[in-house]
Amino acid sequence: MKVLAFLGSPRRNGNTARLLKELLKGVSEKSGVTINQVYLQENKILGCTGCGYCETSTGCKLEDDMQNIYPILKEADVLIFATPVYWWSMSSQLKALIDRFYALKISEIKSKKIYLLMTYGGSLPNSGAELVERTFRDIFKYIGWELVKVYGACTDEYMPVEQNAEALKEVYEIGRSI
Ligand SMILES: Cc1cc2nc3c(=O)[nH]c(=O)nc-3n(C[C@H](O)[C@H](O)[C@H](O)COP(=O)(O)O)c2cc1C
C-alpha cells in the first residue's frame, strides 16, 4: 500500500505537522506500507491558469514541481491531506495543489482513499473547519474517491497539538487503521 501525505502548513514544525507526524507513526507500524511525504511549502506549485491544455492534451504544461508530484500521486493508494484552517478555508499551498488535480485523467488512474487532517485556532462551530470538510466531501464525491476520515484539532493558545494527548492518540489510531 502506497501512502502519500501532503503537509499543507507553511510551518514545518507547527501543529499540523505534529498531527500528521503522529498519524504517519501509526501508519509506519503497519507492514507492507510505503510512505511518501510532500512538504508543499518547499515545492514550487504554480496556480492553475485554466489554459485548457490538459483538456486536449496529456498532463499539465506548467513546468514546476507538480511534474514530480503527478507520478507519485497517480501511484498512491491513500492520500492524506493535512492543513491548518486559514480564513475559513484550506491553506493556499494545499489549494494550489488541488487546483492542479484538474489535469489528472481521473478515470485512468487508480482509485484512492482520502484522509483529511486539520488544525484550527477557533473553537467549533464557525472556525472554518466545517467548511473545509464540506469542500473535501464535495471535491472527492465529484472525483469519486472515498473520503474515509476527517479529523480536526483545535489549537487555541492553550492547547498546541504537542500538548493535546487525546488528539495525538486519536490520529495515531487513525494511522494504524489505514
Ligand atoms: C493566515 C491565518 C489564517 C487563519 N484563519 C483561521 C480561521 O479561519 N479559523 C481558525 O479557526 N483558525 C485560523 N487560523 C489559526 C490556525 O488555523 C491555527 O493556529 C493552526 O493550528 C495553525 O497551524 P500550524 O501550527 O500548522 O501553522 C489562522 C491562522 C493564520 C496564520
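Helices (H or I, at least four residues) and strands (E, at least two) are DSSP runs, numbered from the N terminus, and in these terms Tyr120 has its place in strand S4. The structure is a predicted model, in which local features need pLDDT of at least 70 and side-chain atom pairs count only at pLDDT 80 or more, while totals for chains, interfaces and linings use all residues. Residues are numbered from 1 along each chain as its sequence is written.

Burial is counted with C-beta atoms placed from the backbone: a residue is buried if 20 or more other C-beta atoms lie within 10 Å of its own, exposed if 12 or fewer, and partly exposed in between. Tyr120 is buried because 23 other C-beta atoms lie within 10 Å. Two residues are in contact if their C-beta atoms, placed from the backbone, lie within 7 Å; leaving aside neighbours within four places in sequence, Tyr120 is in contact with Pro84, Val85, Ser127, Gly128, Ala129, Gly152, Cys154 and Thr155.

Two strands pair if DSSP finds at least two bridges between them, and S4 pairs with strand S5 (residues 146-154) in the parallel sense over eight bridges. Within this pairing, Glu146 in S5 is the residue that Lys113 stands opposite. Together with helix H5 (residues 129-143), S4 and S5 make a right-handed β-α-β unit, where right-handed means that, with the strands pointing away from the viewer, the path from the first strand over the helix to the second runs clockwise.

The loop between S4 and H5 holds Pro125 and also Asn126. Most residues other than glycine have a negative phi, and most peptide bonds are trans. A cis peptide bond, with omega about -10°, joins Leu124 and Pro125, and Asn126, although not a glycine, has a positive phi of about 80°. Asn126 counts as exposed, because it has 10 C-beta neighbours inside 10 Å. Another positive phi in a residue other than glycine, near 50°, belongs to Trp87, which lies in the loop between strand S3 (78-84) and helix H4 (92-99); Trp87 is exposed, since 8 other C-beta atoms lie within 10 Å.

A residue is near a molecule if its C-beta atom, placed from the backbone, lies within 6 Å of it. Of the 18 residues around the ligand, Gly14, Thr16, Pro84, Gly121 and Gly122 come nearest. Helix H1 (15-28) and strand S4 (113-120) are the elements that give two or more residues to this shell, and H1 gives the most, with three residues.

The interior remains to be described. A nonpolar core is a set of buried Ala, Val, Leu, Ile, Met, Phe, Trp, Tyr and Cys residues joined through C-beta atoms within 7 Å. In the largest such core, which has 39 residues, Leu20, Ile80 and Leu117 touch the most other members. H1 supplies the largest share of this core, six residues. Not counting residues up to four places away in sequence, Ile80 touches Val3, Ala5, Phe6, Leu20, Leu23, Tyr115 and Leu117.
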